[in-house]
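Please look over the structure below before reading on.

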Amino acid sequence: MTTPCSPEAEAEGASQFEQWARMPADERMAAIGAIKPCDLRKVRYGWGVRARASQCAPEGDWRLWLILAGRGFGKTRAGAEWVRGVAERDGTARIALVAASIAEARAVMVEGPSGLLNIGDPTARPTYESSLRRLKWKGGAEAALYSAAEAEMLRGPQHSHAWADEIAKWPNAIETWDNLTKPVVRTGGR
């Protein structure tokens, strides 16, 4: 089984699901039948078999990843899966989730169909503390919601990572971006 960022998938550009769908039925059944029982949860809930190569974070040490695409591309799912991956790999991660408003951050990034509460293995999903605007994963990682309309709220908190959604819609975009990126620089994250 290829991963979405493997050379095979990069050349193909298709997700593993899309590659299976293109196979003749007998080959598809053989490929799916070869999946080990211990990997079935990864197939059912994992991003690795669903993501197209263009939805994967870049390899290596990077500071900024921009997805500039139209409706239906899967930008929200790609962002949420990246955040989920960071949170599951690093229990010390402190992640900023920034949208045009708190209502949008909650409705899209957290509770939406591709939001953090609706992706991945249900047993590993974070808890959402709405009064604190915070998500907490079992491993210790946390994500805080911010509104670009309240740029000053980003002054001071330390974040190792950030997901900035729909930046073109942000009120106070420059001030919000400046306040968001300065703390990230201090902690050395993304």
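What follows is a set of numbered points, going from the whole chain to single residues.

1. Basis of the note. This is a predicted model, in which local features need pLDDT of at least 70, side-chain atom pairs count only at pLDDT 80 or more, and totals for chains, interfaces and linings use all residues. Residues are numbered from 1 along each chain as its sequence is written, and side-chain values use heavy atoms, with hydrogens and water left out.

2. Overall make-up. The protein has 7 helices and 5 strands; helices (H or I, at least four residues) and strands (E, at least two) are DSSP runs, numbered from the N terminus. Along the sequence their order is α-α-α-α-α-β-α-β-β-β-β-α.

3. Surface and burial. The accessible surface comes to about 10400 Å², and 54% of it belongs to carbon and sulfur atoms; such areas come from the Shrake-Rupley method with a 1.4 Å probe, and for residues only the protein chains shown count as cover. Of the 190 residues, 39% count as buried. Buried means under 20% relative accessible area, exposed means over 50%, and partly exposed is in between (1.4 Å probe, protein chains only).

4. Contacts along the chain. Among contacts with a separation of 6 or more, 59% are between residues 24 or more positions apart. Contact here means heavy atoms within 4.5 Å.

5. Salt bridges in general. How many salt bridges does a search of the whole structure find? The search finds 10, a salt bridge being a side-chain nitrogen of Lys or Arg within 4 Å of a carboxyl oxygen of Asp or Glu. One network of salt bridges links Arg77, Glu81, Arg84 and Glu88.

6. Asp121 and Arg41. These two residues form a salt bridge, with their closest N and O atoms 2.6 Å apart. The pair links distant parts of the chain, 80 residues apart: Asp121 is in the loop between helix H6 (102-110) and strand E2 (127-129), while Arg41 is in helix H4 (residues 40-45). Asp121 counts as buried because its relative accessibility is 17%. Arg41, with a relative accessible area of 44%, is partly exposed.

7. Glu104 and Lys169. In this salt bridge the closest N and O atoms are 3.0 Å apart. Here too the pair links distant parts of the chain, with Glu104 in helix H6 and Lys169 in the loop between E5 and H7, 65 residues apart. Glu104 is partly exposed at 25%, and Lys169 counts as partly exposed at 44%.

8. Glu111 and Arg106. The side chains of these residues meet in a salt bridge (3.0 Å, N to O). Glu111 has a relative accessible area of 36%, so it is partly exposed. Arg106 is partly exposed at 33%.

9. Ser147. Leaving aside neighbours within four places in sequence, Ser147 is in contact with Ala99, Ala100, Ser101 and Ile102.

10. Ser101. This residue sits in the loop between strand E1 (94-99) and H6. Ser101 counts as partly exposed, at 24% relative accessibility. The Ser101 side chain reaches the backbone nitrogen of Glu104 at 3.0 Å. Ser101 and Ala149 are 48 residues apart along the chain, yet their C-alpha atoms are separated by 6.2 Å.

11. Asn179. Helix H7 (residues 173-187) contains Asn179, which counts as buried at 10% relative accessibility.

12. Glu152. This residue lies in the loop between strand E4 (142-147) and strand E5 (161-164). Glu152 is partly exposed, with a relative accessible area of 46%. Apart from neighbours within four places in sequence, Glu152 is in contact with Glu175 and Asn179. The C-alpha atoms of Glu152 and Thr176 are separated by 7.4 Å, and the two residues are 24 residues apart along the chain.

Definitions and conventions:
A polar contact is a pair of N or O atoms within 3.5 Å; within protein, one must be able to donate a hydrogen and the other to accept it, and residues adjacent in sequence count only if both atoms are side-chain atoms.
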